[in-house]
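Here is a short briefing to read alongside the sequence and the coordinates. Keep the viewer open and follow along topic by topic.

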Amino acid sequence: MNKPITTQELETTAQPAIELRKINKRFGPVHANKDIDLLVKKGSIHGIIGENGAGKSTLMSILYGFYTADEGDILVDGKKVAIPDSKTAISLGIGMVHQHFMLVDNFSVLENVVLGAEGGANLSVGLASARAELKRLEDEYELKVDPDALIEELPVGLQQRVEILKALFRGAEILILDEPTGVLTPAEADHLFKILEVLKNQGKTVLLITHKLREIMAITDTVSVMRRGEMVATRQTSETSMSELAELMVGRSVLLNVDKTPATPTNKVLEISNLNVTDSRGVRVVKDVSFNVRAGEIVGIAGVSGNGQSELLETIAGIRHADTGTLWIDGEEIDLAKNPLDPAQMRQRSLGHVPEDRHRMGLVTKFAEYENSILGYHNDPIYSRGLLLDIAKIKELASGEIEKYDIRPPNPLLKTANFSGGNQQKIVLAREIERDPTVLLVGQPTRGVDIGAIEFIHKRIVELRDAGKGILLVSVELDEIRSLADRILVMFDGKIVGERTADADEGELGLLMAGVEGETK
Amino acid sequence: MFETLILILDSTVRLSTPLLLACLAGLYSERSGVVDIGLEGKMLGAAFGAGAVGYITGSAWLGLLAGIGVACVLALIHGFASITNRGNQIVSGVAINFLAIGLTGLLGQTWFQQGGRTPALPDGGRFENINLPLAETLSGVPVIGQIYSELLSGHNIIVYMAFAAVPLTWWVLFRTRFGLRLRAVGENPAAVDTAGIDVIWLRYRAVLICGILCGLAGAYLSIAQSSGFIKEMTAGKGFIALAALIFAKWRPGNAMFACLLFGFLDAVAIRLQGQEIPGIGEVPVQFFQALPYILTVILLAGFIGKAIPPKASGIPYLKERT
Amino acid sequence: MSAGQLPRWVDYGLIPLLNLAAAFLVSGLVVVLIGENPLDAVKVLLWGSLGYGEGFGFTLFFATNFIFTGLAVAVAFHAGLFNIGGEGQAYLGGLGVAFACLALDQYVPWWVTLPFAILGSALMGAAWAFIPAWLQAKRGSHVVITTIMFNFIAASLMVYLLNNVMKKAGSMQSETRTFEEGGRLPFLNDIFPGFGFDYAPVNLSLFVAFLACILVWLLIWRTKLGFEIRSFGANPTAAVYAGINPVRIIIVTMLISGGLAGMMAINEIMGSQHRLLIDYVAGYGFVGIAVALMGRSHPVGIVLAAILFGMLYQGGAELSFEMPAITRDMIVVIQGLVILFAGALEYLFRPALIRLFSAGRSPAAQAA
């Protein structure tokens, strides 16, 4: 309901930049936003925090006109508005920096900035005046970037700066940033925060979407917490704590206590020496990495996303090529540069791999569940009878896994896309663990997975460890690493910058992850 | 020898014209991210429309308009399938080609009863050749005069339009707001969408321009180069144009040279039919016919530079769900 | 459009039927446009294609071609590849058949020649698909474009060969000599005289086509290679994760696809024409696209779609005889419309159907 606002109130409280009332959005059966209320004060940095899939991005997309809400009101500067498309959002002074940048790679910075705001049909005129305006913005907000550089040649941090410039160029008063630090190095992230401070001081309103508590605490004035499509709380950042926010985010005390006994590691089952990997852009992403994993322990690799962990996992699994490096698995030496093995050959050496992104890599979502239960192991003779696959047997084995891993609904014929995230992850996990691998690589095992399944998945991983297997765990969730791993390696900028025990101080690990070497604080 | 060369070049210009128009048509479409293997069909439909209306009205201009109309309708079908319905663009192109072949044959027979042809055009139904000023006077001047009067002068209006379309296309693409957006939407439609630009409408406009240019190309065949429509008269020219587009790496200037090259090969093939080349012997005409395709395949293989299509081409745009 | 929002029978039954109905409805309008009665036309078409032995024989003869080219397109589809080069591959397949028949026909009976003809056609078809496949696998050049180019190159090559190399001595026609008995497959009319196929050229290749259907079904759904092909087609990244070699899958799939297209020549060249001649493929390679789309890339669907197109070809021929206003171009129009509605516009009716069906389902079922 519209509460009457008295003139006194108007004088004392600043008009909110944005007000949302009872916003609802459904995607088919998924209720992505449920009765969302939100007040964002003008000239503040307002954080919205929540787990993956909590509905933050959907809400911001509604605000930016990318989706329209099924129900609810949006008020900008106190006026009720409809935002049917991004054009309207822009005209209302709302700008957005998307998680995946909305830039044309083979355009120059200048061309990207003017796209959609060219100021007339003749491009030359528009480009010339935009160049001057860009210069002004650069100076005012300390956002240096070469207007003639091609986007594809810029590092990620600068690309993000172009996105911010794009919004400012369009006269944005309210800037939404969706998970802006996910792709940034800590130094770049720090720089971004400085920029946000400048923007705030110039009177802009900033909405920061993130799932990282540290960022919220570091930069925001106010924070709202989302959980499962609902807005569960709003706090002044100065009056709350990380632990309170964390609890609000997941709906209960957050340090997931995994029931496990101290590890009793034995012999080395996986050893990596002097590994260097270059990605498709020609950037070296893994630098001189050496470590080992012993039977009966979980080695966790902590680090901010994009510091080489993904490439490290994929190289060990045989998916990526290495420049240099040697790998020993169960004593067998493999030269990763000269005679690399492909993923199938690595599997034959009893290496299991739960990839970081199950949709992109771990599953063929179009397949029935039972077909995914043999993906990667389909050449195993137990699945064949003569020249043909033994479908009946594959289904039977899949049914066994479904029961053992409590995969729901328990139907091996169901298309994999129709399982929930947690159940899909269990399908992958069951497939990889049930082959009884000597070494298991696990990437982001609980990303986008509901709480119940998280617990289950953690338990299985610990069980595998207790069965005397070696596990290499990569996760960007420090809490997960801390609760699961027996030893923690921290990766930063492609290098392993430190090794700590499981009971290491969180602050110390954070510093390592941020690339700050040295003593505890 | 020089005169032979002028003759070959002259017919190169004539043979390149429909290729060039269709190639530029494809350029607009594919730069916007809509792959079009239906150039052939649109050309054929336009040729029929132009031939039929040119015959009935006796007006080349009305014929041209009809040709453009037909090509635009086919282009809109392709647009509806691939932009609005997010269908497979290759499949849609194949369908357009079939529809054009079938309908032109069927309607041609129904309306004119000449086995799918349209009757010979009456006076005024055909675009006549234009003699540039002073062409007669200068024809006596060696070399330059001959080039002017034989090669540059004496073509019909559509030839000049085709070659004028090259710098025009360049200008539109690289010097106008529309061009910037067009290039952007073929590379990253999401960037265009979030910049507040309507992706759908932008792509439809590109597809319509493609239709207009295909209309010109088709009309050229039936009411400028020939005097009437003949069944399946495009004979694969739409596909050569497609090859030229790839060969040109989706750039307008290159497109002109690619089309001139392919037109030249065609002209040479006609010229050399049954003749011996000293030292080589008789080169089969089929070799020249296949050469544009062979050259394009070699280019695609990466042996002559790299042909990188617009990044979003062929992919329907769908707002991503978070 | 995510799958799984509709029951299977809607996805695989109702939607194709609706698409087909739309295509035929528009075809009917075209018939009205040229001043004929569409219902009469349908009557003639059905009678001409199914009503009597010889007509049905022709239907089956055309269907045989379409089964081969349809399977060719379908196999490639499963790997996410669009082989639009069936036309050229089938053309080259004819060369393989001709080699076998010209070499053996005077010495051995047909059943000795047949395996060589099958092998020859498949090898030549596969060879013609190899370069596009290799370029896609190794160089990333799009197989759609290269196979189109190869169709034209094939046409030039075959015209050259038939005019300059393989032409029958002293003939004006661009064709080889006619094969002797040992290079001719038996007509079904000779094997089953009871059906009254009379002069219809339907021949033993029909059974070769059925056999190919069974083998393709086994390949795609019951072998490891098929599993790899489908994995790669549905999610190339997951396929690499699973240790599947993309280069191998692209090349092997395209070779199989090209081979199947090439085998169409057995029906046309060894089964009916008994000589290699110019332009004998006559667009059947492209019809394979329509057949594969309509048949949803499944052999059973392909057989049904092939028979439907066989009916159109045979009934259409009859139609142009009975109702001269409806020329054989009408078949091409229908073909185009089927490709349009069953292929490019396949999602046309989906949103409406999803609304219809999700309205009927309980919220509990939706949450699952």
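How far apart do the C-alpha centres of domain 1 of chain C and domain 2 of chain C lie? The two centres are 27 Å apart. Please keep in mind that this is a predicted model.

**Domains of chain C**
- Domain 1 of chain C is assigned to residues 6-36 + 325-363, while domain 2 of chain C covers 57-320.
- Where these domains touch, domain 1 of chain C contributes 14 residues and domain 2 of chain C contributes 12 residues.
- On the domain 1 side of chain C, α1 (8-33) and α14 (329-344) each supply at least two residues.
- The most comes from α14(C), which gives eight residues to that side.
- By residue class, the side of domain 1 of chain C that touches domain 2 of chain C has 10 nonpolar, three polar and one charged.

**Helix α1 of chain B**
- Helix α1 of chain B (residues 2-31) has a kink of about 35° at B:Ser16, shortly before the proline B:Pro18.
- After α1(B) comes B:Gly33, with a positive phi near 100°.

**Contact between chains A and C**
- Chain A brings 26 residues into contact with 20 residues of chain C.
- On the chain A side, α11 (343-348), α12 (358-362) and β18 (388-389) each supply at least two residues.
- The chain A residues on the side that touches chain C comprise 15 nonpolar, six polar and five charged.

Technical notes. Residues are numbered from 1 along each chain as its sequence is written. Chains are lettered from A and ligands numbered from 1 in the order in which they are written. This is a predicted model: local features need pLDDT of at least 70, side-chain atom pairs count only at pLDDT 80 or more; totals for chains, interfaces and linings use all residues. Domain bounds come from an automatic or database domain assignment. Two residues are in contact if their C-beta atoms, placed from the backbone, lie within 7 Å. Helices (H or I, at least four residues) and strands (E, at least two) are DSSP runs, numbered from the N terminus. Ala, Val, Leu, Ile, Met, Phe, Trp, Tyr, Cys and Pro count as nonpolar, Asp, Glu, Lys and Arg as charged, and the others, Gly among them, as polar. The bend at a residue is the angle between axes fitted to the seven residues ending there and the seven starting there.
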